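Please keep the sequence and the structure in view while reading.

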Amino acid sequence: MRPKYIAWGIASGVAWGVGMGLLAHNTRLALGLGAYEFLEESAFWIGGSVLMGRWSSPAVVEARLRRAGDTKPLWDETYYVLWTRRELAAFPAAERGRREVQLRASLRRVLGKLLADLEIIPDFPKAARDDQK
């Protein structure tokens, strides 16, 4: 997760805590809630990011198919991948913890979905297979 999103998440929680205290016209409450929210949001955003980064390889891929000269795409799709357990099994056990290997597994999963979707399109060229020869 990008650090700016973590910072925004923490800052929004702190702002909420301080805002609630100020709405109650209590400075000590505002400081207490702000401090509490800082600790709680930090644990949530930083801890969650570390855990998700350790066991997940999230990826978002946007695909568009355009005809030359047309401004509107013929087809577009967004693919989301969170878990790639089956795809990671193809890699050696010692490599599975490396971030680049996890992202490569996510890409394999997205490409599988993408190619399956493209083959459904009526005029799209079909994959070359041995049984078509």
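## Basis of the model

The model is predicted, so local features are reported at pLDDT of at least 70 and side-chain atom pairs at pLDDT 80 or more, while totals for chains, interfaces and linings use all residues. Residues are numbered from 1 along each chain as its sequence is written, and side-chain values use heavy atoms, with hydrogens and water left out.

## Helix α4

Helices (H or I, at least four residues) and strands (E, at least two) are DSSP runs numbered from the N terminus. Helix α4 comprises the 22 residues 99-120. The expected span of a helix is 1.5 Å times one less than its number of residues. For α4 this gives 32 Å, and the end C-alpha atoms are 32 Å apart, which agrees.

Residues are classed by relative accessible area: buried is under 20%, exposed is over 50%, and partly exposed is in between (1.4 Å probe, protein chains only). The buried residues of α4 include V101, Q102, A105 and S106, and V110, L114 and L118 are buried as well. S106 has a relative accessible area of 1%, and therefore counts as buried. S106 touches S57, A59, V81 and T84, residues up to four places away in sequence not being counted; contact means heavy atoms within 4.5 Å.

## The nonpolar core

A nonpolar core is a set of buried Ala, Val, Leu, Ile, Met, Phe, Trp, Tyr and Cys residues joined through side-chain atoms within 4.5 Å. The largest such core has 8 residues: A63, W75, Y79, V81, V110, L114, L118 and I121. Strand β2 (75-81) and helix α4 each supply at least two residues of this core. V110 touches V61, Y79 and V81, again without counting residues up to four places away in sequence.

## Salt bridges

Side chains of opposite charge can pair when their charged atoms come close. A salt bridge is a side-chain nitrogen of Lys or Arg within 4 Å of a carboxyl oxygen of Asp or Glu. The structure holds 4 salt bridges. One of them joins R64 and E62, with the closest N and O atoms 3.6 Å apart. R64 is partly exposed at 48% relative accessible area, whereas E62, at 52%, is exposed.

R98 and E100 meet in another salt bridge, with 2.5 Å from N to O. E100 also forms a salt bridge with R104, where the closest N and O atoms are 3.9 Å apart. R104 and E100 both lie in helix α4, 4 residues apart, which is about one turn of the helix. Salt bridges that share partners join E95, R98, E100 and R104 into one network. R98 is partly exposed at 36%, as are E100 at 45% and R104 at 41%.

## Surface and helix α2

W16, M20 and L23 make a nonpolar surface patch of about 340 Å². Patches are made of residues with over 30% relative accessible area and no salt bridge, like charges being joined within 9 Å and nonpolar side chains (Val, Leu, Ile, Met, Phe, Trp, Tyr) within 5 Å. Accessible areas come from the Shrake-Rupley method with a 1.4 Å probe, and for residues only the protein chains shown count as cover. L23 lies in helix α1 (residues 3-23) and is exposed, at 63% relative accessibility.

L33 is found in helix α2 (residues 27-55) and is partly exposed at 23%. L33 touches G17, M20 and G21, not counting residues up to four places away in sequence. The C-alpha atoms of L33 and G48 are 21 Å apart, the two residues being 15 residues apart along the chain.
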